[in-house]
Amino acid sequence: MTSIETAYFDEFCKAGKFRIAKKGECLYNLDLINDYVYCLEDGLCALLSITKAGEEKIYHYFAGGSIINFTPAYLTLPPNANNNNAFYMYAKTDCKIYEISYSTFYKLLSDNPDLNRYIMSLFANYFTDVLGHFHFMQESSTPSRLCKTLLDFSRCSSGRCIVDKHFNYVELAKYLGVHTVTVSRIMRSLKQEGAIEKDGHSIIIKDRSILEEYIQENKSLTY
């Protein structure tokens, strides 16, 4: 985040009440309308739906520094709203959050136009990210999509690029809409090529250039 974005985020946090959302907690669905916006200080949340087969379909991840669940604050749903295709916001890890009631949220936006513009920019960015994800899902091969996901959710520290430990093979498969076995085979091929390695439960990116070649589909991966 830029310094200005950090300042805006902090303004919202100051207006909220701090608590820990435990891993697996549902922060929003149509049956749980709790009238809160959340500042996610640390942790990982996901916007998802549940298929008829009971499987998660993940649309977007939110990491620390995100403001989430503000879109429902702008929606007016009828009392008999059909929730067969409802969306959910789940904590994928233990999360440090600040709860802001809708009434407080509305007042912040009314009193400060800059905060209003900030929220609108977040909405536009989230929307663009989701569209980008699904465009890439439709147009790119599975190895290409997996390599991009590894880079998107990696962070570099002390000369090592580490993928967020939450993204195990099962979670990667959910996000990409493929079978876990497919992810396992691709990861095995990437390890054989020296692009990645495993360190305990963490995935380490050893050669970013190899992943970028597969993202651009300059060559195909056998798996």
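This is a predicted model: local features need pLDDT of at least 70, side-chain atom pairs count only at pLDDT 80 or more; totals for chains, interfaces and linings use all residues.

**Entry 1: rings**

I started with Phe105, which is buried at a relative accessible area of 0% (buried means under 20% relative accessible area, exposed over 50%, partly exposed in between, with a 1.4 Å probe and protein chains only). Residues are numbered from 1 along each chain as its sequence is written, and side-chain values use heavy atoms, with hydrogens and water left out.

I then looked up what Phe105 pairs with. Its partner is Tyr74, in an edge-to-face aromatic pair with 6.4 Å from centre to centre and 85° between the planes. For the record, rings of Phe, Tyr and Trp (its six-membered ring) pair if their centres lie within 6.5 Å; planes under 30 degrees apart count as stacked, over 60 as edge-to-face and the rest as tilted. Tyr74 sits in the loop between E6 and E7 and Phe105 in helix H2 (residues 102–111), so this pair ties together parts 31 residues apart in sequence. I took helices (H or I, at least four residues) and strands (E, at least two) as DSSP runs, numbered from the N terminus. Tyr74 is partly exposed, at 41%. Ring pairs also join both of these residues with Tyr8, Phe12, Tyr102, Tyr106 and Tyr118 in a cluster.

How many aromatic pairs does the structure hold? I got 18. Among them is Tyr59 with Phe87, edge-to-face because the planes are at 70°, with the centres 5.3 Å apart. That pair links distant parts of the chain, 28 residues apart: Tyr59 is in strand E5 (residues 56–63), and Phe87 is in the loop between strand E6 (66–68) and strand E7 (88–91). Tyr59 is buried at 15%, while Phe87 is partly exposed at 42%.

**Entry 2: cysteines**

I searched the whole structure for disulfides (pairs of cysteine sulfur atoms within 2.5 Å) and found 1. Cys156 and Cys161 form it, with their sulfurs 2.0 Å apart. The S-S torsion is about 70°, so this disulfide is right-handed. Cys156 is exposed at 56%, whereas Cys161 is buried at 16%.

Next I checked Cys45, which is in no disulfide; the nearest cysteine sulfur is that of Cys95, 3.7 Å away. Cys45 is buried, at 0%.

**Entry 3: charges**

I counted 15 salt bridges (a side-chain nitrogen of Lys or Arg within 4 Å of a carboxyl oxygen of Asp or Glu). One of them joins Lys22 and Asp94, 3.4 Å from N to O. Lys22 lies in the loop between strand E1 (17–21) and strand E2 (26–28), and Asp94 in the loop between E7 and strand E8 (95–101), so the bridge ties together parts 72 residues apart in sequence. Lys22 is partly exposed at 49%, and Asp94 is partly exposed at 41%.

Arg208 and Glu212 form another salt bridge, with the closest N and O atoms 2.9 Å apart. They are 4 residues apart in helix H7 (residues 208–215), which means about one helical turn separates them.
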